Amino acid sequence: VQLQASGGGLVQAGGSLRLSCAASGSIFVIRDMGWFRQTPGNQRELVATISSSGTTNYADSLKGRFTITIDNAKKMVFLQMNSLKPEDAAVYYCNADIRTRRVDGFRIFWGQGTKVTVSS
(Lines give C-alpha, C1' and ligand atoms only; values in the text may rest on other atoms or scores of the structure.)
Protein backbone atom coordinates (compact mmCIF):
# COMPACT_ATOMS: atom_id res chain seq x y z
CA VAL A 1 0.00 0.00 0.00
CA GLN A 2 1.22 3.49 -0.85
CA LEU A 3 -0.17 6.89 0.03
CA GLN A 4 0.95 9.74 -2.20
CA ALA A 5 0.38 13.24 -0.88
CA SER A 6 0.61 16.34 -3.03
CA GLY A 7 -0.45 19.96 -3.19
CA GLY A 8 1.87 21.59 -0.72
CA GLY A 9 3.79 24.73 -1.53
CA LEU A 10 4.35 28.34 -0.67
CA VAL A 11 1.36 30.59 -0.06
CA GLN A 12 0.87 34.02 1.42
CA ALA A 13 -0.96 34.43 4.69
CA GLY A 14 -4.67 34.55 4.00
CA GLY A 15 -4.34 32.35 0.96
CA SER A 16 -5.57 28.84 0.26
CA LEU A 17 -4.15 25.46 -0.66
CA ARG A 18 -5.72 22.12 -1.45
CA LEU A 19 -3.85 18.99 -0.48
CA SER A 20 -4.54 15.65 -2.09
CA CYS A 21 -3.63 12.13 -1.06
CA ALA A 22 -4.13 9.00 -3.12
CA ALA A 23 -3.99 5.46 -1.78
CA SER A 24 -2.92 2.65 -4.05
CA GLY A 25 -1.84 -0.96 -3.89
CA SER A 26 -3.43 -3.97 -2.28
CA ILE A 27 -6.51 -2.43 -0.66
CA PHE A 28 -9.59 -4.39 0.33
CA VAL A 29 -11.31 -1.60 2.18
CA ILE A 30 -10.47 1.82 3.62
CA ARG A 31 -12.17 2.62 6.91
CA ASP A 32 -11.03 6.21 7.24
CA MET A 33 -8.40 8.69 6.06
CA GLY A 34 -6.86 11.72 7.63
CA TRP A 35 -4.36 14.52 7.71
CA PHE A 36 -1.79 15.27 10.36
CA ARG A 37 0.93 17.88 10.46
CA GLN A 38 4.32 18.24 12.05
CA THR A 39 6.76 21.07 12.62
CA PRO A 40 10.43 20.64 13.55
CA GLY A 41 10.89 19.56 17.14
CA ASN A 42 7.20 18.89 17.67
CA GLN A 43 5.00 15.84 17.64
CA ARG A 44 2.76 15.08 14.74
CA GLU A 45 -0.69 16.50 15.44
CA LEU A 46 -4.16 15.83 14.17
CA VAL A 47 -5.56 18.12 11.51
CA ALA A 48 -8.67 16.20 10.45
CA THR A 49 -9.99 12.74 9.77
CA ILE A 50 -12.89 11.45 7.72
CA SER A 51 -14.55 8.04 7.61
CA SER A 52 -15.60 6.30 4.44
CA SER A 53 -19.17 7.29 5.31
CA GLY A 54 -18.20 10.95 5.57
CA THR A 55 -18.02 11.47 9.31
CA THR A 56 -15.42 14.12 10.02
CA ASN A 57 -13.30 15.09 12.98
CA TYR A 58 -11.23 18.27 13.16
CA ALA A 59 -8.70 19.76 15.49
CA ASP A 60 -10.67 22.41 17.35
CA SER A 61 -8.34 25.20 16.34
CA LEU A 62 -8.81 24.47 12.64
CA LYS A 63 -12.58 24.20 12.44
CA GLY A 64 -14.03 26.65 9.98
CA ARG A 65 -10.84 27.13 7.99
CA PHE A 66 -9.98 23.58 6.92
CA THR A 67 -12.28 21.11 5.18
CA ILE A 68 -11.57 17.43 4.67
CA THR A 69 -13.33 15.40 1.99
CA ILE A 70 -13.01 11.87 0.68
CA ASP A 71 -13.52 10.23 -2.69
CA ASN A 72 -14.05 6.57 -1.90
CA ALA A 73 -14.10 5.46 -5.52
CA LYS A 74 -10.71 7.04 -6.21
CA LYS A 75 -9.33 6.18 -2.76
CA MET A 76 -8.40 9.81 -2.24
CA VAL A 77 -8.65 12.30 0.58
CA PHE A 78 -8.45 16.06 0.22
CA LEU A 79 -7.78 18.92 2.57
CA GLN A 80 -8.96 22.38 1.60
CA MET A 81 -7.10 24.94 3.66
CA ASN A 82 -8.36 28.53 3.65
CA SER A 83 -7.26 31.70 5.43
CA LEU A 84 -3.86 30.19 6.01
CA LYS A 85 -1.72 31.58 8.81
CA PRO A 86 2.05 31.40 9.29
CA GLU A 87 1.46 28.97 12.15
CA ASP A 88 -0.14 26.53 9.68
CA ALA A 89 3.25 26.00 8.06
CA ALA A 90 4.27 22.38 8.53
CA VAL A 91 4.78 19.11 6.76
CA TYR A 92 1.36 17.62 6.22
CA TYR A 93 0.99 13.85 6.26
CA CYS A 94 -1.97 11.81 5.14
CA ASN A 95 -2.85 8.47 6.58
CA ALA A 96 -5.41 5.77 6.00
CA ASP A 97 -6.83 2.92 8.03
CA ILE A 98 -6.80 0.04 5.58
CA ARG A 99 -7.65 -3.61 5.44
CA THR A 100 -5.48 -5.11 2.73
CA ARG A 101 -7.29 -8.45 2.59
CA ARG A 102 -10.66 -9.68 3.78
CA VAL A 103 -8.99 -11.85 6.40
CA ASP A 104 -6.72 -9.13 7.72
CA GLY A 105 -7.30 -6.53 10.38
CA PHE A 106 -7.03 -2.81 9.78
CA ARG A 107 -3.63 -1.12 9.71
CA ILE A 108 -2.58 2.50 9.56
CA PHE A 109 -0.53 3.53 6.56
CA TRP A 110 1.21 6.91 6.15
CA GLY A 111 2.11 9.03 3.17
CA GLN A 112 5.45 10.75 2.69
CA GLY A 113 4.34 14.25 3.63
CA THR A 114 3.94 17.45 1.68
CA LYS A 115 5.37 20.72 2.90
CA VAL A 116 3.26 23.82 3.37
CA THR A 117 4.97 27.18 3.80
CA VAL A 118 2.98 30.28 4.70
CA SER A 119 4.64 33.66 4.31
CA SER A 120 3.53 36.58 6.45
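How many aromatic pairs does the structure hold? The structure holds one. This is a predicted model, in which local features need pLDDT of at least 70, side-chain atom pairs count only at pLDDT 80 or more, and totals for chains, interfaces and linings use all residues. Residues are numbered from 1 along each chain as its sequence is written, and side-chain values use heavy atoms, with hydrogens and water left out.

The partners in the aromatic pair are F36 and W110, in an edge-to-face arrangement with 5.2 Å between centres and 65° between planes. Rings of Phe, Tyr and Trp (its six-membered ring) pair if their centres lie within 6.5 Å; planes under 30 degrees apart are stacked, over 60 edge-to-face, and the rest tilted. Because F36 lies in strand 4 (residues 29-38) and W110 in strand 10 (residues 107-110), the pair ties together parts that are 74 residues apart in sequence. Strands (E, at least two residues) and helices (H or I, at least four) are DSSP runs, numbered from the N terminus. F36 counts as buried at 17% relative accessibility, while W110, at 38%, counts as partly exposed. Buried means under 20% relative accessible area, exposed over 50%, and partly exposed in between (1.4 Å probe, protein chains only).

W110 also meets a charge: the charged end of R44 sits over its ring, 4.6 Å from the centre. The charged end of R44 sits over the ring of Y93 as well, 3.7 Å from the centre of that ring. The criterion is NZ of Lys or CZ of Arg within 6 Å of the ring centre and within 35 degrees of the ring normal.

Strand 4 leads on to its neighbours. It pairs with strand 5 (residues 45-51) in the antiparallel sense over six bridges; two strands pair if DSSP finds at least two bridges between them. R37 has E45 in strand 5 as its bridge partner. Six residues lie between the strands of this hairpin, where G41 takes a positive phi near 85°. Strand 5 pairs in turn with strand 6 (residues 56-58), antiparallel over three bridges, and A48 has Y58 as its bridge partner in strand 6. In this second hairpin four residues separate the strands, and G54 in the turn has a positive phi of about 100°.

Elsewhere, T114 belongs to strand 11 (residues 114-119) and counts as buried at 9% relative accessibility. Leaving aside neighbours within four places in sequence, T114 is in contact (heavy atoms within 4.5 Å) with residues including G8, L19 and Y92. A polar atom of the T114 side chain lies 3.0 Å from the backbone nitrogen of G8.

Methods
Polar contact = N/O pair within 3.5 Å; in protein donor to acceptor, adjacent residues only side chain to side chain.
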